[in-house]
Amino acid sequence: MNAPRLLPVVATRRFERALDALLEYYDGIRHLHPDAGSRALLLIDVVEHELPQLLPGQPDIGRPAQLSLTQSQVERNWLTRLAPLTAHRRLQAREWLVSDFRVLYYRTSSAVYLASARHVREAEYK
């Protein structure tokens, strides 16, 4: 019996910028709300510890993302740049809900690309 092939999880620069922007936002409002950012820190913990263990073996665990409804011009541009890197591989956009945040990732036959993160109240991924 063969073990399922584990896919590498690749955190894109875009994903890292999205996490930085979330942390910066919460740091900026900490003077108003001392607990601001505690859920964002939970997101960071999940991204660092849980997703790298779950996604390689179960890349379809998140729900399909509805990008056709919320896709911004930035998202379309990013997908255009990603397409050559994933030539001949079918991209599947998926979302993983972590507390009050959604993590957008793309699954291909050979890797999982962490693409962005946003608060559930934000209209679109950046």
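## Surface and burial

The accessible surface of the chain comes to about 7900 Å², and carbon and sulfur atoms account for 54% of that area. Areas come from the Shrake-Rupley method with a 1.4 Å probe, and for residues only the protein chains shown count as cover. Of the 126 residues in the chain, 41% are buried (under 20% relative accessible area; exposed is over 50%, partly exposed in between; 1.4 Å probe, protein chains only).

A word on the basis: this is a predicted model, in which local features need pLDDT of at least 70 and side-chain atom pairs count only at pLDDT 80 or more, while totals for chains, interfaces and linings use all residues. Residues are numbered from 1 along each chain as its sequence is written, and side-chain values use heavy atoms, with hydrogens and water left out.

## Overall fold

Read from the N terminus, the elements follow the order β-α-α-β-α-α-β-β-β. Helices (H or I, at least four residues) and strands (E, at least two) are DSSP runs, numbered from the N terminus.

## Around strand β3

Strand β3 (residues 92-98) has six of its seven residues buried. Its antiparallel pairing with β4 (residues 101-107) spans seven bridges, and two bridges join β3 to β2 (residues 63-64), also antiparallel; strands pair if DSSP finds at least two bridges between them. Glu 95 in β3 stands opposite Arg 63 and has Leu 104 as its bridge partner in β4.

In the β3-β4 hairpin, with two residues between the strands, Ser 99 takes a positive phi near 55 degrees.

## Val 120

Val 120 sits in the segment after β5 (112-119) and is partly exposed at 33% relative accessible area. Leaving aside residues up to four places away in sequence, Val 120 touches Leu 97, Asp 100, Phe 101 and Arg 102, where contact means heavy atoms within 4.5 Å.
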